[in-house]
Amino acid sequence: MVQDIHRGLINNLIRNARNGRTTKLDTQVMSLRDDVFSRDIGRDIGHRIELRNRSNAGRICFLVSSRCSSIFEVAQKIRKSLNLNVYYTLDDRFGNTSDITFHASVMPPDWQPATLDYGIGQFAVQN
């Protein structure tokens, strides 16, 4: 079982699947996560710097996908989109088992993150 604690769930699942290894997860398979493709965050930050939008100065925004996915769903999407056997074991003694909830008003009005499928595909192409 191999997990790089400095990388995210999707990165670990893809890398370990490509190497025929098992990923150890410290949560329950139905735990919800809100995965956002890093390029979307970078693009939003760059856009804000470029516009120097002072009307939102000091405003706190959450850059979230607005659609949570279970860890099981993420693993299934990786299996389907990359045609990989994804193996994982669960250790739910330390995991976050609560749902992630938020109100849409905490996100920037022009925030449009990529879908989970797209993010998985982009990570796979780049690595």
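The protein chain has four helices and four strands, where helices (H or I, at least four residues) and strands (E, at least two) are DSSP runs, numbered from the N terminus. Read from the N terminus, the elements go α-β-β-α-β-α-β-α. This is a predicted model, in which local features need pLDDT of at least 70 and side-chain atom pairs count only at pLDDT 80 or more, while totals for chains, interfaces and linings use all residues. Residues are numbered from 1 along each chain as its sequence is written, and side-chain values use heavy atoms, with hydrogens and water left out.

Some totals next. The protein chain has 127 residues, and 31% of them count as buried. Buried means under 20% relative accessible area, exposed over 50%, and partly exposed in between, with a 1.4 Å probe and protein chains only. The accessible surface of the chain is about 8300 Å², and carbon and sulfur atoms hold 51% of that. These areas come from the Shrake-Rupley method with a 1.4 Å probe; for residues, only the protein chains shown count as cover. As for contacts (heavy atoms within 4.5 Å), take those with a separation of 6 or more: 82% of them join residues 24 or more positions apart.

Now the aromatic side chains. How many aromatic pairs does the structure hold? There is one. The ring centres of Phe37 and Tyr118 are 6.0 Å apart and the planes stand at 90°, so this pair is edge-to-face. The rule is that rings of Phe, Tyr and Trp (its six-membered ring) pair if their centres lie within 6.5 Å; planes under 30 degrees apart count as stacked, over 60 as edge-to-face and the rest as tilted. Phe37 sits in the loop between strand 2 (32-33) and helix 2 (38-51), and Tyr118 sits in helix 4 (residues 116-126), so the pair ties together parts that are 81 residues apart in sequence.

On to the charged pairs. The structure holds four salt bridges, a salt bridge being a side-chain nitrogen of Lys or Arg within 4 Å of a carboxyl oxygen of Asp or Glu. I will go through some of them. One joins Asp117 and Lys77, at 3.3 Å from N to O. Asp117 belongs to helix 4 and Lys77 to helix 3, so this bridge ties together parts 40 residues apart in sequence. Asp117 is partly exposed at 40% relative accessibility, and Lys77 is partly exposed at 22%. Another links Arg33 to Asp35, with the closest N and O atoms 3.2 Å apart. Here Arg33 is partly exposed at 29%, whereas Asp35 is buried at 18%. Arg67 and Glu73 also form a salt bridge, 3.1 Å from N to O, and Arg67 is partly exposed at 48%.

Tyr88 is in strand 4 (residues 87-90). Its C-alpha atom is 4.5 Å from that of Thr23, a residue 65 places away along the chain. Leaving aside residues up to four places away in sequence, Tyr88 touches Leu13, Thr22, Thr23, Leu25, Val29, Phe72, Ala75 and Arg79.

The other residue is Asn83, in the loop between helix 3 (71-82) and strand 4. What is the phi of Asn83? It is near 55°, a positive value in a residue other than glycine. Most residues other than glycine have a negative phi. Asn83 is exposed, with a relative accessible area of 69%.
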